[in-house]
Amino acid sequence: MTAAGPGAPNALAAGDLGRRLARRRNRLGLSREETAARAGVAPGYLQYLEEQPAAAPGTGTLLRLAEVLGTTITELTGGEADAPPGPGRAARHAEFTELSVQECRALLSTHGVGRIAVPTVEGPLVVPVNYSLVDGAIVFSTSPGTVPAQAAGCRVAFEVDRIDDVFSQGWSVLVRGLARTVTDPDEVRRLVEGSYSEPWAGGRREVWVRIELLALTGRRITV
């Protein structure tokens with residue numbers, strides 16, 4: 001399939017359209033009815049798009065939805081899933097602000113994927129991990145011998161961020177802390193029960209690492 005216009009995807013099956021529509025709409029605080037009215041579609045049709053994996057709307061409908069949701073067709077359809085964030089140009093009137101500790105903790109508590117910088121014999125290495133925030137500490141599970149497992153006993157850096165290419169804005173939170181392996185069976189059980197998500201990589205991840213926060217800073221760029 002050839003692109004029907006600027007920003008049109010080469011294959012609509014490249015991403016989960018319904019999930020991306022609903023997530024973007026909820027992030028903007030829009031109801032399904034509000035979004036449908038602004039895009040000129042029926043609420044029932046928008047529900048169909050969000051709930052049916054086989055839905056394949058036309059480019060015109062996608063363009064209107066993308067405009068209402070402040071994004072692009074490519075992003076809605078997952079066409080940039082394999083591209084690194086940040087290719088958009090800087091905004092003309094951007095504002096840079098430092099985040100408070102309370103704001104940093106709130107952003108950390110949303111959970112997700114972060115990057116941990118680990119000192120190793122080969123030099124510092126940075127790898128992504130699925131993490132949770134439990135009792136004010138960052139926790140994640142991994143396997144013995146992996147780079148994240150080597151963080152135990154070390155001072156490490158841990159970073160999470162959100163980049164919005166459409167609006168050229170975003171935020172980042174940086175943690176500096178001391179990592180240790182969790183060995184107490186009761187604490188391990190509590191972490192298993194309280195963790196937000198299992199590692200995306202799958203497999204057995206039985207080593208739990210806890211990062212006690214020593215310093216917490218963050219920054220935000222808004223337009």
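How many helices and strands does the protein chain have? I counted 7 helices and 7 strands. The model I worked from is predicted.

**Entry 1, whole chain.** I read the order of elements along the sequence as α-α-α-α-α-β-α-β-β-β-β-β-α-β. I then looked up burial and found that 37% of the 223 residues are buried.

I checked how helix 2 (residues 32-39) sits against helix 3 (residues 43-51): their axes come within 9 Å and cross at roughly 110°. Angles of 65 to 115 degrees count as roughly perpendicular, so helix 2 is roughly perpendicular to helix 3. On the helix 2 side I listed R32, E33, T35 and A36, which meet P43, L46, Q47, E50 and E51 of helix 3. Sorted by class, this contact holds 3 nonpolar, 2 polar and 4 charged residues.

Which residues of helix 4 (residues 59-68) are buried? I found T61, L62, L65, A66 and V68. Viewed down the helix axis, these buried residues fall within an arc of 160°, so they line one face of helix 4. I next asked what the buried residues of helix 4 pack against. The partners are helix 1 (17-27), helix 2, helix 3 and helix 5 (73-76). Last, I looked at what comes after helix 4 and noted G70, with a positive phi near 65°.

Technical notes. Residues numbered from 1 in each chain as written. Predicted model: local features only at pLDDT ≥ 70, side-chain atom pairs only at ≥ 80, totals over all residues. Heavy atoms only, no water. Axes fitted to C-alpha atoms, helices over the stretch in contact; angles between N-to-C directions. Helix = DSSP H or I, 4+ residues; strand = E, 2+ residues; numbered from the N terminus. Parallel < 35°, antiparallel > 145°, perpendicular 65-115°, else oblique. Contact = heavy atoms within 4.5 Å. Nonpolar A, V, L, I, M, F, W, Y, C, P; charged D, E, K, R; others polar. Buried < 20%, exposed > 50% of the residue type's maximum accessible area, 1.4 Å probe, protein only. Arc of directions from axis to C-beta.
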